Amino acid sequence: MAVNLVNVEQVSKVYGTRALLDGVSLGVSEGDRIGVVGRNGDGKTTLIRMLAKLEEADSGRVTHNGGLRLGVLTQHDSLDPKATIRHEVIGDLEDHEWAGSAKIRDVLTGLFGGLALPGFEHGLDTVIAPLSGGERRRIALAKLLIAEQDLIVLDEPTNHLDVEGISWLAGHLRTRRSALVCVTHDRWFLDQVCTRMWDVQRGAVHEYEGGYSDYVFARAERERIAATEESKRQNLMRKELAWLRRGAPARTSKPRYRIEAANELIADVPPPRDTSELMKFANARLGKTVFDLEDVTVQAGPKTLLTHLTWQLGPGDRIGLVGVNGAGKTSLLRALAEASRSQGDVQPADGKIVVGKTVKLAYLSQEVAELDKNLRVLEAVQQVRDRVDLGKGREMTAGQLCEQFGFAKEKQWTPVGDLSGGERRRLQILRLLMDEPNVLFLDEPTNDLDIETLTQLEDLLDGWPGSMIVISHDRFFIERTTDKVMALLGDRALRMLPRGIDEYIERRQRMEETATPASAAGSSAPKPAAAEAVSPQAARAAKKELQKVERQLDKMSTRETALHAQIADNATDFEKVASLDAELRELVAERDVLEMRWLELAEDA
């Protein structure tokens, strides 16, 4: 029987006139991996701080098992700014001692990309004081994971980690014996790591078995039975539930909680996006040309990030852009935005960017644009526009869109200066959408947003007709809102990934495995045979053909989706289904051949 590590008994906490927690009782046992979700400001961080005895409850009590070894990652680290990374993370261990520890090697490699900490000028001997908040956070996480713990409490551990870092952390936590309580808005991470969920809502904590997908099923079923939530929120939950069932049925390995009832709940819910209808509308708004790049070189200062890039962003394209830090994701968006602002007059160092005449771009950068702090939320939105056309006959007023983004009527009169970081981020996205753009660039849009707001944003983007590029470390958000994934792997090229982020992780792992022996061998490493070398001209030709193949694969993917939909619509017409199935098999065979050609060209390029 699992030993109980922490007991929370009838705990209450009040701030001002608001009860964040009201008579909450919970327990954490050995082997538990618990994810904590809820809206910003509902008390998630307060709950885990009281769980860790970092904050006192107004009433009730929290008890720890005797001798509990507890590790806590808060949103503000307690590192000594005068110390080095070595002192904080490794402590007094000699080099041969820590280098001989598999756990320490795994943590340093997973969080920093190597034992020498390649991102830091002096490696382990780098002083902490001048480092950025993201770098300090990774150091604090490394220090925590290297120690032996019975229970780990993590508050937003995926902040400042890239896709690879998040993937590594999920794998690491799954293999640890420590119990875990984790607050995060990263839904992919919750699905990978957690076996129970705590949902903090209006002073209460609801418990669910399973990861995030199971939680969505169970919560939707609970709300269906209770029928207490307003119809808008219930519809959003049903829509996300439908997407989880149809788009990602294998997200968790455990049986679904009351799956029959959940299936009843989504029986009449259409797919999240009508792709062909949106594409038709996007063509009407944008024409044939959005952004055409021909032999483009992208630079950031003296550093060359992309070379000989020939690529096309077409009307209705929804692209998820992933890549290693510093590979040029944000620089590529900035180059496109600069060309758009100048209507093609400002061009990159080499090559040409053609911008469609009807392009109206909205660019959400990582920095929150400063607004007049004395403006009310509604006034800040109405500064842009009073009403917005969402397409397909849908129209919303500024106040209605504010409500959809979590600004209730009373909150709409809050001064901008009194908003939290997450609320300002929401307001920034809202103002962008109010300007009725037909092209969206979203650079880390999920920063500081809670899961409920993310769901609302995804719902809004589902029906948004236009072209879109999303840069995000949130795998769930990318999979949910985009139709294809492209990657910058650090080799100055842009590649389409037919299998999405899973393929990106695999490619990065292969690159690291290939690079490690070569770097260890140094100058003694054998040179590649002359016959295997590819000339610059051949590489450029391969890149051009690669772009052509990627466009063909994209068309095939659209056709394949349409065939699946037609088969479902004609399920009772066996002759029609047989004909569609034959066409689908032929299409899949063609796609397999094309994907093999794509892999060959990728090697040459």
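Reader: Are Y363 and F441 buried or exposed?

Author: This model is predicted. In the model, Y363 and F441 are both buried. Their ring centres lie 6.0 Å apart with the planes at 80 degrees, so the pair is edge-to-face. Y363 belongs to strand 14 (residues 361-364) and F441 to strand 17 (residues 439-443), so the pair ties together parts that are 78 residues apart in sequence.

Reader: How many aromatic pairs does a search of the whole structure find?

Author: The search finds six aromatic pairs. One of them joins Y208 and Y215, whose ring centres are 5.2 Å apart and whose planes stand at 75 degrees, so this pair is edge-to-face. Y208 and Y215 are both buried. Together with Y212 and F476, Y208 and Y215 form one aromatic cluster.

Reader: Which residue lies over the face of F407?

Author: That residue is R426, at 5.1 Å from the ring centre.

Reader: How should I read a sheet, and in what order do the six strands of the open sheet stand?

Author: As a general idea, the strands of a sheet pair through backbone hydrogen bonds, and the pairing is either parallel or antiparallel. Here, six strands form an open sheet in the order 5-6-7-3-8-9, with mixed pairing. Strand 5 (70-73) and strand 9 (204-209) stand at the edges with a single partner strand each, so one side of each is left without a neighbour in the sheet. On average, neighbouring strands of this sheet are turned by 15 degrees against each other, direction ignored.

Reader: How many bridges join strand 3 to strand 8?

Author: Strand 3 (residues 33-37) and strand 8 (residues 196-201) run parallel and are joined by four bridges. For I34, the bridge partner in strand 8 is R196. Helix 1 (residues 44-51) lies across several strands, including strand 3 and strand 8, and runs at about 155 degrees to strand 6 (151-155).

Reader: In what sense do strand 19 and strand 20 pair?

Author: Strand 19 (residues 484-488) and strand 20 pair in the antiparallel sense over four bridges. V485 has L497 as its bridge partner in strand 20. The two strands form a hairpin with five residues between them, and G490 in the turn has a positive phi of about 90 degrees.

Reader: Which way do the residues of strand 20 point?

Author: In strand 20 (residues 494-497), L494 and M496 point one way, while R495 and L497 point the other way; all are buried.

Reader: What share of the chain do buried residues make up?

Author: Buried residues make up 50% of the 605 residues. The chain contains 20 helices and 20 strands.

Key:
Residues are numbered from 1 along each chain as its sequence is written. This is a predicted model: local features need pLDDT of at least 70, side-chain atom pairs count only at pLDDT 80 or more; totals for chains, interfaces and linings use all residues. Side-chain values use heavy atoms; hydrogens and water are left out. Buried means under 20% relative accessible area, exposed over 50%, partly exposed in between (1.4 Å probe, protein chains only). Two strands pair if DSSP finds at least two bridges between them. Axes are lines fitted to C-alpha atoms, for helices over the stretch in contact, and angles run from 0 to 180 degrees between N-to-C directions. Contact means heavy atoms within 4.5 Å. Rings of Phe, Tyr and Trp (its six-membered ring) pair if their centres lie within 6.5 Å; planes under 30 degrees apart count as stacked, over 60 as edge-to-face and the rest as tilted. A charge sits over a ring if NZ of Lys or CZ of Arg is within 6 Å of the ring centre and within 35 degrees of the ring normal.
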